[in-house]
Amino acid sequence: MVPGAPWSSSSPVLAVLLFSALVLSPAQAIVVYTDREVHGAVGSRVTLHCSFWSSEWVSDDISFTWRYQPEGGRDAISIFHYAKGQPYIDEVGAFKERIQWVGDPRWKDGSIVIHNLDYSDNGTFTCDVKNPPDIVGKTSQVTLYVFEKVPTRYGVVLGAVIGGVLGVVLLLLLLFYLVRYCWLRRQATLQRRLSAMEKGKLHKSAKDSSKRGRQRLAGRAGRRGPGVESSKGAQVVVIEMELRKDEQNSELRPAVKSPSRTSLKNALKNMMGLDLDK
């Protein structure tokens with residue numbers, strides 16, 4: 001559009017687009033994160049964590065700066081600086097020999113460690129990050145409290161109590177299922193034993209009944225068959241022995257008349273007929 005020329009029909013549309021690009025889509029600023037507060041004991045060490053989020057890739061020119069404002073003080077002093085891949089510790093102040101760099105820019109980490117804490121270290125520490133071209137953003141602050149003995153925080157105690165209760169509940173559940181498993185297994189074993197005993201009793205009773213049946217049949221057969229044959233055989237043997245004795249002693253006993261063969265046959269027939277009638 002030429003300056004001084006009248007607005008065309010598309011001029012309002014262009015104005016709206018420019019307004020949206022400038023107002024509704026501002027550049028995203030870098031965001032820095034730290035803890036709200038940390039606690040440490042005298043003579044120990046503490047880690048001051050610092051991380052960030054940026055819409056740009058991590059630049060080779062990234063920088064981290066830590067500042068310290070004593071408790072009750074007004075001015076903040078620089079105690080640490082990281083730039084061009086090198087850490088720089090301020091040689092002036094109480095932290096010059098007690099700061100250690102433990103961060104890693106590749107992981108967006110700018111943390112430091114302060115050793116040999118003292119009561120005079122109480123105060124506020126500020127972390128500032130620049131990741132060119134993303135250099136606009138707010139800093140983040142963490143407050144350090146140094147004690148003779150670090151107090152146990154309420155959240156830690158509550159977490160320990162909840163963890164202990166959950167552990168006891170899990171242990172009770174485990175014991176319950178273990179006892180229930182053992183009881184079910186014992187019941188199954190007893191059931192199998194009872195079933196085996198019942199099967200054995202049935203088998204034994206069937207075996208005894210069949211044995212008694214065989215004994216009854218054998219007794220009946222013994223009373224009927226073998227008795228008759230043995231009696232008949234014994235009678236025949238006695239008669240034969242008497243005949244032999246009579247034949248041998250016929251000369252010695254001439255007065256006794258030996259039975260004839262016909263009479264013996266008739267006697268045998270009569271005896272056999274009697275036995276068969278029985």
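Analyst: Let's start with a rule: two strands pair if DSSP finds at least two bridges between them. Keep in mind that this is a predicted model.

User: What makes β6 and β7 a pair, then?
Analyst: Count the bridges. Four of them join β6 to strand β7 (residues 86-89), and the rule asks for at least two. So they pair by that rule. The two strands run antiparallel, and H81 stands opposite Y88 in β7. In their hairpin, two residues sit between the strands, and K84 takes a positive phi near 55 degrees.

User: What makes β5 and β6 a pair?
Analyst: Here the bridge count is six, joining β5 (residues 63-70) to β6 (residues 77-83), again in an antiparallel run. One of the facing couples is S63 with its bridge partner A83 in β6. This hairpin has six residues between the strands, with G72 at a positive phi near 85 degrees.

User: Which strands does β12 bridge to, and which way do they run?
Analyst: β2 (residues 37-41) is joined to β12 by five bridges, and those two run parallel. E37 stands opposite T143 in β12. Strand β10 (residues 123-130) also has five bridges to β12, but that couple runs antiparallel. There, F125 has V142 as its bridge partner in β12.

User: Which residues of β12 are on its covered face?
Analyst: S140, V142, L144 and V146 make up the covered face, while Q141, T143, Y145 and F147 make up the uncovered one. In a regular strand the side chains alternate between the two faces of the sheet.

User: How do you know that C50 and C127 form a disulfide?
Analyst: Check the sulfur atoms: they are 2.0 Å apart in this link. A disulfide needs them within 2.5 Å, so the pair qualifies. The count by this rule comes to one disulfide. The link connects distant parts of the chain, with C50 in β4 (residues 50-53) and C127 in β10, 77 residues apart. Both cysteines are buried.

User: Why is C182 called partly exposed?
Analyst: C182 has 45% relative accessibility. Buried means under 20% and exposed means over 50%, so a value in between is partly exposed. That's where C182 lands.

User: What makes D61 and K84 a salt bridge?
Analyst: Their side chains meet with N and O 2.9 Å apart. The limit is 4 Å, so they are in. D61 lies in the loop between β4 and β5, and K84 in the loop between β6 and β7, so the bridge ties together parts 23 residues apart in sequence. D61 is partly exposed at 40%, whereas K84 is exposed at 63%.

User: How many salt bridges does the structure hold?
Analyst: Four. Among them is R106 with D104, where the closest N and O atoms are 3.3 Å apart. R106 counts as exposed because its relative accessibility is 70%, and the cut-off is over 50%.

User: How do you know that D128 and K130 meet in a salt bridge?
Analyst: The N to O distance is 3.9 Å, and within 4 Å is what it takes, so the pair counts.

User: Is D128 buried or exposed, and why?
Analyst: Buried, because its relative accessibility is 12% and the cut-off is under 20%. K130 is at 28%, so K130 counts as partly exposed.

Definitions and conventions
Residues numbered from 1 in each chain as written. Predicted model: local features only at pLDDT ≥ 70, side-chain atom pairs only at ≥ 80, totals over all residues. Heavy atoms only, no water. Buried < 20%, exposed > 50% of the residue type's maximum accessible area, 1.4 Å probe, protein only. Helix = DSSP H or I, 4+ residues; strand = E, 2+ residues; numbered from the N terminus.
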